[in-house]
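Have the viewer open and follow along.

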Amino acid sequence: MSKLPEEFADLERFSDWCLPTEEERYSKRLNSTMAEMQELYDAGMARLEDIMVYVDARVPLKGMPKDAKALVHLGQSIVMVSFPVEVWKQPRVLDSGASYIQLIKEPVV
Amino acid sequence: MAHFPKPAAGSWTQNWPELGTAPVNYEDSINPEHFKVEQQAIFKKTWLNVGRVERLPKKGSYFTREMPSAGPGTSVIIVKDKQEVVRAFYNMCRHRGNKLVWNDYPGEEVSGTCRQFTCKYHAWRYSLEGDLTFVQQEGEFFDLDKGDYGLVPVRCEVWEGFIFINFDNGAAPLTEYLGDFAKGLEGYPFHEMTEHYSYRSEINANWKLFIDAFVEFYHAPILHMKQAEKEEAEKLAKFGFEALAYDIKGIHSMVSSWGGMSPPKDLSMVKPIERILHSGLFGPWDRPDIEGIQPDELPPAINPGRHKSWGTDSFEFFPNFTLLFWAPGWYLTYHYWPTAVDKHIFEADLYFVPPKNLRERLSQELAAVTFKEYAFQDANTLEATQTQIGTRVVTDFPLCDQEILLRHLHKTAWDYVNAYKNNDNGSTNGKHDAKASQDEAEKDAAHV
């Protein structure tokens, strides 16, 4: 069964990136290859504007249909992979070997 | 070449001659004995911010804070009582000293809502006002007057929705302590910015080293070079960093900086995701629709020069509370809680106006994600610094004019330590403040 609205069937192959919390998205980023993230980035960036238009016709963010919510989470993952792809060329922040910063509170959609 | 004018004294640093211009000794950041004195002299004597009032939405709302910076085990309950007054108490039952409020793990902070506090051990109960209201088998005790066994209060005062506590019962009131910077920030719409992201990290470095990193932006074009588009990064590195202004009022300080990225003059300056989401390090480019954040509406302490290219102001309230405002209408706070000479807990909290739609939500998401990427780099550099200064191969370090606030921080911390030692461990806080305010009054008279 598809997670995303049918208008976004082309992004369905990335549905394992539909993750509600930053902790999950960050962990998936660290456990993904650059090739995987590049693929999501390329396909996702091309549809990011469409994602916002689709969801914003269905606001408020709280209480929206499940498939639209999955789309929001995918949008958040596109933001998450933008740094490895656009900046670091690796999953981790450059020179951040010993440090770890944890997000402990966030507004989850 | 200076792009922004400096004071008539010739430099920012020389404008406050008591800071000196000589290399600064960092023994204060590596000596375990010095740290023990700092705990007593600073963290048990100054006003410490423990969060915002939004964490206490109704009567009986509470949260606990572990405060190891004031000594191992120190734990505090912050609660909104029946009259909606915010109070603080040591988190300890008066019977035999059990920790009063905790779940599962006594060392972890908790929050919730209750009508009273009940000890897990023998069910002694306390009202939200801290009064002992029930003793199990009271008749078994000897001459026990419940009035003598209320929770031990901790000084607690609120400024603009920020809750502060102070372990020194003789300390001057909060607003007096926070001084003119705080007065000049009053009226900022903090209460509208309730979309909250909170970060935490354990850092293997002295608490002052992280403040050092955040009160100078001399590092920004270099350490964070890769985060800008290549051409822009090279330009920034060549220019270097110059603040619009620095200011020092007693024990507190601020730096005002330019920022052309919100929105950028030229879209090619920013990364593709920033172009789509209209956001980046400085936050969403499009200001939220609330009052109080337009350039001409800002309270007087923010962008004090009313500079057109203003981007961000960072206020450093001694000892460990940073309040940072971004031009597009959001703010963040940092806290640095030392646990040892070479360890501290770093907290960062981002506050935005709640988004109305996904476009706004994702632009905030990008700002939050960007924040974490930068903070990672900053944090890792600190451990690299701590290990090296700890070798004492070199003990004194030259600080440039853009690092003036580091001089001020280390000097202020030393002043507290020295005052504490000179007063034979007595209460020095009020005295120190009075002296600092007097210095400041003289300074203002000399430079206005």
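B:Thr333 stands opposite B:Asp349 in β18(B). That pair belongs to a run of nine bridges between strand β17 (residues 330-340) of chain B and β18(B), paired in the antiparallel sense. Helices and strands here are DSSP runs numbered from the N terminus (H or I over at least four residues for helices, E over at least two for strands), and two strands pair if DSSP finds at least two bridges between them. Two residues sit between β17(B) and β18(B), making the pair a hairpin.

Before going further, a note on what you're looking at: this is a predicted model, in which local features need pLDDT of at least 70, side-chain atom pairs count only at pLDDT 80 or more, and totals for chains, interfaces and linings use all residues. Residues are numbered from 1 along each chain as its sequence is written, while chains are lettered from A and ligands numbered from 1 in the order in which they are written.

Back to β18(B), which spans residues 343-352. What lies on its covered face, and what on its uncovered one? B:His344, B:Phe346, B:Ala348, B:Leu350 and B:Phe352 make up the covered face, with B:Lys343, B:Ile345, B:Glu347, B:Asp349 and B:Tyr351 on the uncovered one. In a regular strand, side chains alternate between the two faces of the sheet. β18(B) also pairs with β12(B), antiparallel again and over nine bridges; there B:Ser201 has B:Phe346 as its bridge partner.

Strand β15 (residues 310-317) of chain B is mostly covered, with eight of its eight residues buried. Strand β14 (residues 252-258) of chain B is joined to β15(B) by six bridges and runs antiparallel to it, with B:Val255 opposite B:Ser314. β15(B) also pairs with strand β16 (residues 321-326) of chain B over six antiparallel bridges, and B:Phe315 is partnered by B:Leu323 there. A hairpin of three residues links β15(B) to β16(B).

| Strands | Bridges |
|---|---|
| β17(B) and β18(B) | nine bridges |
| β12(B) and β18(B) | nine bridges |
| β14(B) and β15(B) | six bridges |
| β10(B) and β11(B) | five bridges |
| β8(B) and β9(B) | two bridges |

Elsewhere in chain B, seven strands form an open antiparallel sheet in the order β2-β11-β10-β5-β4-β3-β6. β2 (48-52) and β6 (111-113) of chain B are at its edges with a single partner strand each, so one side of each has no neighbour in the sheet. The twist averages 25° from one strand to the next. Within this sheet, B:Trp159 has B:Phe162 in β11(B) as its bridge partner. Helix α3 (residues 174-185) of chain B lies across β10 and β11 of chain B, at about 25° to β10(B).

Another open sheet in chain B has three strands in the order β7-β8-β9, also with antiparallel pairing. Its twist averages 35° from one strand to the next. In β9(B), B:Leu132 is the bridge partner of B:Tyr126.

Now for the interface. The contact takes 33 residues from chain A and 30 residues from chain B, where contact means C-beta atoms, placed from the backbone, within 7 Å. α8(B) gives the largest share of chain B's side, 15 residues. By class, that side has 12 nonpolar, seven polar and 11 charged residues; Ala, Val, Leu, Ile, Met, Phe, Trp, Tyr, Cys and Pro count as nonpolar, Asp, Glu, Lys and Arg as charged, and the others, Gly among them, as polar.

As for confidence, the predictor gives the complex an ipTM of 0.96 and a pTM of 0.91.

Terms used. Contact = placed C-beta atoms within 7 Å. Buried ≥ 20, exposed ≤ 12 C-beta atoms within 10 Å, placed from the backbone. Axes fitted to C-alpha atoms, helices over the stretch in contact; angles between N-to-C directions.
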